[in-house]
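Please look at the sequence and the structure that follow, and take the explanation one step at a time.

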Amino acid sequence: MNITAPHDVSDEARLRRWRLVLGAAAEPALGGLGTADDKAIDKALGSVYDSGGSRGDRAGGLGGSAPRVARWLGDIRNYFPSTVVEVVQRDAVERLNLTQLLLEPELLESVEPDVHLVGTLLSLNRVIPETTKATARMVVSKVVKEIEQRIATRTVAAVSGALNRSARTSRPKPRDIDFDRTIRKNLANYLPEQRTIITERLVGYGRRAQAVHRDVILAIDQSGSMASSVVYSSVFGAVLASMRSLRTSLVVFDTEVVDLTEKLSDPVDVLFGTQLGGGTYINRAIAYCQSLITRPTDSLFFLISDLYEGGVREEMLRRVHAMKESGVQVVVLLALSDDGAPSYDRENAAALAALGVPAFACTPDRFPDLLAQALNRGDLMRWGTENR
């Protein structure tokens, strides 16, 4: 049963929905709930959203036992679509302080896995009991697998196409002709009376041999607000690491810098190697990533961060400028997630833009296209504006 069914627009239905939204306090004005299902929905919502005042004085609640929470999760899955279930789960964790319950295997086995739950588990991974770690890993693995299935094929295709197109040949096969560059190369042969160009030279896309052609470095901010971005970035890193044509490095940072490149064969290992929360020293992370760059003009550096710098801002900007001037393609992603418009340091983003470094948010579905643009050294400033 869906309390927001789009075709249910009668006055009675509207009053019912408002009663479910506003809770028992609205019953004198809106009337009661007639069916057992509506009362069950009201009870499930009330467990999270009814309050007698402060959190300490809460009138409702899920109680302190995992079995009761598991039954409640079963109820909300029965009455709401999965997108609503995810929202209510997150609200329950935040409003009812269910952090401790998330450490219990019985609860973890009953929840609806999603990126936000993975972020919560990762923030707790240093305190999860040994008896629960296997279950937590199972939940994380399920979400990672779903993300891989969603993005892997498109990412591999985008990268392969970009690298093939970046190789040029003057004797292309018909299917490999780059018509835009061919026209530009032959503009001097334009015949005005016939309004045509005589093509003396063809320019085409070559086919690269299987070798490492680009170095890709992902530097990921581990601050708590970046949880979803950490999950998606880690999965993308694992997909890119599987491609022989790329040399992929993955670095995570807060006030410290950790190189997780050796774990890229298993994105779940990467995620459990992170530690969400804490401060942010972007400058320190960039300094480490600079040490990984051995061929600047063939390197692509992604800084995935909300840009709230706790270190030396001026030095951070100098390092980014030096990296770009050396020939590195630098891209700043304020978020790599489906969470909507991110919060970020607008002053730092503007300073980077002034240096010619694009800074924008990107959804996971758009990242393969962005990667292809970057590998071909396209206009990323324009791409970011067009794909907001």
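In which strand is Gln329 found? Gln329 belongs to strand S9, which covers residues 329–336; helices (H or I, at least four residues) and strands (E, at least two) are DSSP runs, numbered from the N terminus. This is a predicted model, in which local features need pLDDT of at least 70 and side-chain atom pairs count only at pLDDT 80 or more, while totals for chains, interfaces and linings use all residues. Residues are numbered from 1 along each chain as its sequence is written, and side-chain values use heavy atoms, with hydrogens and water left out.

Gln329 counts as buried because its relative accessibility is 14%, where buried means under 20% relative accessible area, exposed over 50%, and partly exposed in between (1.4 Å probe, protein chains only). Beyond its neighbours within four places in sequence, Gln329 has contacts (heavy atoms within 4.5 Å) with residues including Phe301, Arg377 and Leu380.

How far can the model be trusted? The pLDDT, the predictor's confidence in each residue from 0 to 100, averages 81 over the protein chain, and 83% of the residues score at least 70. Over residues 1–5 the pLDDT stays under 50, and over residues 52–60 the pLDDT is below 50. Where pLDDT is low, the predicted coordinates should not be read in detail.
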